[in-house]
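Colleague: I would like to go through this model step by step. Please put it up, and I will ask as we go.

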Amino acid sequence: MEAADLDVLVVDDHEAMRTLLVRILAKAGVHRVRSAENGLEALDTLRQRTADLILADNQMPGMSGIEFLAAVRSDPALGAPKIVIVSGNTGAAFAMEAVNAGANDVLAKPVLLADLLTAINRLFAI
């Protein structure tokens with residue numbers, strides 16, 4: 001799979017972070033990027049069209065990234081997207097919690113292009 005073929009959903013309650021992630025993905029060659037402000041909006045978006053990759057903030061109002069992750073993993077209609085939790089919490093305990101909940105990776109904020117490219121390459125063998 002090529003980066004250009006990926007369908008990505010960015011979920012973050014901060015507009016500036018969503019915009020930054022969309023720009024980073026564009027630099028990585030990803031052309032199909034959607035975004036959502038929170039986990040509930042993201043679930044609605046995924047019910048309309050699934051995604052290959054989801055980048056989800058952990059600290060969002062109403063539903064944390066871990067709760068969103070659990071909701072996606074428990075609903076077979078949403079497919080089996082790769083999910084990367086993006087968080088300011090970079091501790092090993094949090095990373096383990098996220099992976100145990102079904103995250104494919106955890107990236108620290110602010111996300112760097114090199115880190116995102118490495119994660120995409122690892123997850124999709126691009």
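What follows is a set of questions and answers on a predicted model.

Colleague: How many salt bridges does the structure hold?
Modeller: A pair counts when a side-chain nitrogen of Lys or Arg is within 4 Å of a carboxyl oxygen of Asp or Glu. By that rule, the number of salt bridges in the structure is 6.

Colleague: Which parts of the chain does the pair of aspartate 7 and arginine 49 tie together, and how far apart in sequence are they?
Modeller: The side chains of aspartate 7 and arginine 49 form a salt bridge, with N to O at 2.7 Å. Aspartate 7 belongs to strand 1 (residues 7-11), while arginine 49 is in the loop between helix 2 (39-48) and strand 3 (53-57). The pair therefore links parts whose separation in sequence is 42 residues.

Colleague: Is aspartate 7 buried or exposed?
Modeller: Buried means under 20% relative accessible area. Aspartate 7 has a relative accessible area of 6%, so the word for aspartate 7 is buried.

Colleague: Which residues do salt bridges with shared partners join into one network?
Modeller: First take another pair, aspartate 105 and arginine 122, whose closest N and O atoms are 2.2 Å apart. The network joined through shared partners is made of Asp7, Arg34 and Arg49.

Colleague: About how many helical turns separate arginine 47 and aspartate 44?
Modeller: These two residues form a salt bridge, with the closest N and O atoms 3.4 Å apart. Both are in helix 2, 3 residues apart, so the separation is about one helical turn.

Colleague: Arginine 18 has no salt bridge; which side chain of opposite charge is nearest?
Modeller: Arginine 18 is in helix 1 (residues 15-27) and is buried. A salt bridge needs the atoms within 4 Å. The nearest side chain of opposite charge is 4.4 Å away and belongs to glutamate 37.

Colleague: Where is glutamate 37, and which residues does glutamate 37 contact, leaving aside neighbours within four places in sequence?
Modeller: Glutamate 37 is in the loop between strand 2 (32-36) and helix 2. At 43% relative accessibility, glutamate 37 is partly exposed. Leaving aside neighbours within four places in sequence, its contacts are Asp12, Asp13, Arg18 and Met60.

Colleague: At what angle do helix 1 and helix 5 pack?
Modeller: Two packed helices are described by the angle between their axes and the distance between the axes. For helix 1 and helix 5 (residues 113-124), the axes are 10 Å apart. Their crossing is right-handed. The packing angle is about 65°.

Colleague: How many residues of the contact of helix 1 with helix 5 are nonpolar?
Modeller: On the helix 1 side are Ile24, Leu25 and Lys27, which meet Leu113, Leu116 and Ile120 of helix 5. Of the residues in this contact, 1 is charged and none is polar, and the number of nonpolar ones is 5.

Colleague: Which residues does the cis peptide bond with omega of about -5° join?
Modeller: One of the two residues lies in the loop between strand 5 (105-108) and helix 5, and that residue is proline 110. The cis peptide bond, with omega of about -5°, joins lysine 109 and proline 110.

Notes: Residues are numbered from 1 along each chain as its sequence is written. This is a predicted model: local features need pLDDT of at least 70, side-chain atom pairs count only at pLDDT 80 or more; totals for chains, interfaces and linings use all residues. Side-chain values use heavy atoms; hydrogens and water are left out. Buried means under 20% relative accessible area, exposed over 50%, partly exposed in between (1.4 Å probe, protein chains only). Lys and Arg count as positive and Asp and Glu as negative; His and the chain ends are not counted. Axes are lines fitted to C-alpha atoms, for helices over the stretch in contact, and angles run from 0 to 180 degrees between N-to-C directions. A crossing is left-handed if the near helix is turned anticlockwise from the far one by less than a right angle, and right-handed if clockwise. Contact means heavy atoms within 4.5 Å. Ala, Val, Leu, Ile, Met, Phe, Trp, Tyr, Cys and Pro count as nonpolar, Asp, Glu, Lys and Arg as charged, and the others, Gly among them, as polar.
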